[in-house]
Each structure stands twice: as C-alpha cells, then as structure tokens.
Amino acid sequence: MSRRTFLVSAAAVAVSAGPLTTLARAAARAQKVLVIGLDGALLKRIKDADAPNLDALMAAGLTAPSSIYANPLAPTMSGPGWSTIITGVWPDKHNVKDNTFSGAKFAQYPDFLTRAETAKPSLNTYAVASWAPITDTVFSSKVDSRVSTPSAEYDTGTTARAVAKLRDGNPDAVFVQLDNIDHAGHSYGAASQQYLDAIHGADAQVGQLVAAVRSRATYADEDWLIMITADHGHTDAGGHGGSTLQERQTFLIATGPTLAAGSVRHDVKMPDVAASALAHLGIAIDPAWDLDGRPVQQPAPDDFDALRGQLQTRVDETGIPTTVLGFTHTPPAGWSVDNSAMGGGGVTEWRGWSFTTDEFWTQAQRDQNRECNVRARNVFAVADGDEWNDKALTGTFDSTLVSPAYPVTGGTTATLTYTTYYRQESPQKGEVLVSYDGAAPVSVRTYTADVPSRTETVPLQVPPGARSVRVRFRYTGGNNWYWVIDGVRIGQ
C-alpha cells in the first residue's frame, strides 16, 4: 500500500523555459535556484505522457537519465533517495537506509539549503513537501522556512504554497516535492494510464511553479537554475525498493545559462543536484564536505566516456535486453588492453577488460552488488571474472588495462586518482602498476579484499629525470568477482 492517500488535479499552465542569452549577462543577475522533486517518476513515462511543461524544459535545457543503488547499499526507497539528492552524498555517507531515517548522519552531511545558509546567511531558503519526512527530518531547522503540507491539501497545497512564495516572496533557493506520481505508481503501476495521468497532473503543477518564477517583477534581473528530479522509479506492476533497473531509474531535467538547449548527458548522478545548486548560488564546494556530487555546470568527462558511441548490443548475455547498447572491447585513444595471458572462450562481453555502462553491466546479473558501483559515471572499465565464467572456457582470467603515457616532472610527487569498485574472492587479485619512460612496471597498490565504490588517491614519487608515466590495472582470477576502474587522472 502507498503512504499516499489523496489524488490531485490541476489546470495546465504553459511554460516557456530557456537558457539566458549570454553568460556575461547572467553573471550580473541575482542567482537563484528552484529544485522540484517528482516522487517515483520515470523519465521514460514522462516522455510517454501528456507533459507539455516538462517537454518544454527538456527542449530548453539538459536531460540526464541516470541510475541509483540497490541493497546492500540501500533499497530503492524515498528515504535514501531524497537524502541522497538533498545532501549530495550517497547512502554509504548519509547512512539513511530506509524511511525511518534511523542512524542518519545529517549533522555531518547536511542538506544543501543548510549549507547555503551557513555559507551565506543572508540567503532566503524555503522547502515545502507533500511527504513530511523531507521537511521534518532531511532539511534542518537552519532553513528559513520548512513546510510539511497537511495531508488534506496534498500536492495541490504544496504547489499553491510554493507558487505564492516564488511569485510574491524573494527566495534565493527553493525545494518543492510533489508526491502523487508515486501514489499512482503504488496503486496502479508504472505501466498504467493512471500513472500517466498523475504525470500529466504533476506537469501542470510544474508549469505553475515555473510560470510563478517567470512572472516575478524582478525576473529580468535574476538568473534561475531550475532542476527537476526523482528519488527512484517504479515497476510496471507498481512498487519499488528492489534492484530492477526500472526501480533504480532517476533523472535530471535542468535549465540554466550554461546548459545547452536540447542537450542529453549520461555523466550526471543523483548527488549532483545539491552540488549544482550550491555552485549556482556562488558557494564554493569545500573538499572537506566530502560531497559525491559535482556541478552539472562543470562537466568533467574522462577518456572512457568517449566510447559511448561505439557501444554494442549483447552477444552471449541473455538477461540484457537486445536493444541495450552497452559494451565494447575497443579502448579509447591512447589506451590498450593486454590479453596475452588471458584464457580463451567464456562470455564474449567480459573476455578481458571491457568498457560498459551501469544499464548494461547490472543487467548481466542482478543482486551481486553490481548496483553498488555508484561512483563510476557514464562509460567505465570492468574486469568481470564471474560473468566471463558463465560459458565454456580455457585458462584463467588475466587481463591488463594500460593507460596512455602521462607527462610528469622528474624528482617531484605526482598523484594518481581513479574511481574504483572491487569485489574479492580468492584467488582473485587486482594490481595497479606504474612505469616511467617505458621502464619495468612497479606495483603501487594491490587489491585482495573488498573495496566499496570510492575515489582512490595514490601518491607517486617520480624518479629524477623521468618525463612520462604509464599506469597498468591488472586483474587475475577465475570464477571470482570483478573490478571497476573509471576517471583515471595524473596530477602534479
């Protein structure tokens, strides 16, 4: 049963949304943020529905589909979902595992409005939600105004209150959560007409909110970043909390001065909403905050992301839909894969290091913790001995991913950084090796125990006179688990 008890209806309001014409002009304007959360909304069904306001926002700005976690990191529930969006960190940091919020670490990882208030106390912040735990629990009392809409008013009341604030007040940062799409998903399923109808109703309310922004007397002197997102998806039959890709779906629709009209990106993740809001408000993100999000206004693609256009459909895998483009063995420019010691046969997709996506890799086999690979973005590299062993083979898994030669300065300290996720079963081993100017590789890190999704930082003492360094990631094993690598960089 849903926690929702009331349905909504609202008249559609036309919305004209688009980026400002020049960044220079935007820089002189008052920077303001509106975040709208559509609980339980699926991007695919938004595109199927009669949703002219959301369609207009997608045409005017960025659309970024993405995916979230599943157990054991956290179930696909509203508590972990909204906490991730609002704090800018994944559940392994904010520690919300369900809708009770037991053990939440909001003092260490506060909501983005609280961070904004702390950095700039003069800012006017406002949060209103149809699901009370968001405004009662996730947002702190430091926010200027937190409103938990009475249940009898539901999304109609939430929208009316937010419209009044946007139209008549002077807020700098606003968060609005609408609940009825999730209610329809629980009651009727995501494949139902009722779910589409709920999207249509929420779309009209989004139109009212955006129209309220654009009708402000001071709008010409303001620079608004508008972001729309969801905390999780829904199954066709109804419900969420599990590990299916549909339950793990979320998205970001955003319009702002630096976001190209009609653009689509695959490198955006759920924690980016909070980071993007802070960046737009002119608040520098302190590394000590340990945020997982990064501003969408500051994309940072890596070499692997360039492979998205080369991805292929499945070959031997049977659980992945035939239409999903999701793997290649061809490395990006400057990279190579050494399979000289690699066994023969096995599942084609995973023979040696492969380049893949969350959508493809997690559907190869659910509930083996692949869903917890949350910090890799877009296309990443994976060595998966477990899946490779699902077809007749010879030998063992022994494959090395080799980076380009990065320039370095001899006699100094360089820093190797990369995102990793490693699941161990003996005799499996992961090893990071470096070589300078083509010399013999030297091991700098070894993996023989589980490592959760995280960014690794490895200091490198560059030998005197050295001019380049090459990094190797060697994975050896049999019918064991896997190793993910992404975002490899060398800095000095």
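**Figure 1. Second largest pocket of the predicted model.** Asp292, Arg294, Arg377, Thr419 and Thr455 lie nearest the centre of the second largest pocket, which has 25 lining residues. A pocket is an open set of points on a 1 Å grid over the protein atoms alone, where a 1.4 Å probe fits, with protein on both sides within 12 Å along at least five of seven lines; lining residues have an atom within 4 Å of a point. The space in this second largest pocket is about 610 Å³. Its lining holds 13 charged, six polar and six nonpolar residues. In this predicted model, local features need pLDDT of at least 70 and side-chain atom pairs pLDDT 80 or more, while totals for chains, interfaces and linings use all residues. Numbering starts from 1 along each chain, and side-chain values use heavy atoms, without hydrogens and water.

**Figure 2. Largest pocket.** Closest to its centre, among 39 lining residues, are Pro65, Ser66, Leu245, Gln249 and Glu359. The lining splits into 14 polar, 13 charged and twelve nonpolar residues.

**Figure 3. Largest nonpolar core.** Phe112, Phe175 and Phe473 touch the most other members of this 99-residue core. Such a core joins buried Ala, Val, Leu, Ile, Met, Phe, Trp, Tyr and Cys residues through side-chain atoms within 4.5 Å; buried means under 20% relative accessible area with a 1.4 Å probe, protein chains only. A second, separate core has 41 residues, including Met58 and Val213.

Methods:
Buried means under 20% relative accessible area, exposed over 50%, partly exposed in between (1.4 Å probe, protein chains only). Ala, Val, Leu, Ile, Met, Phe, Trp, Tyr, Cys and Pro count as nonpolar, Asp, Glu, Lys and Arg as charged, and the others, Gly among them, as polar. Grid points are joined across faces, edges and corners, and a volume is the space filled by probe spheres set on the points.
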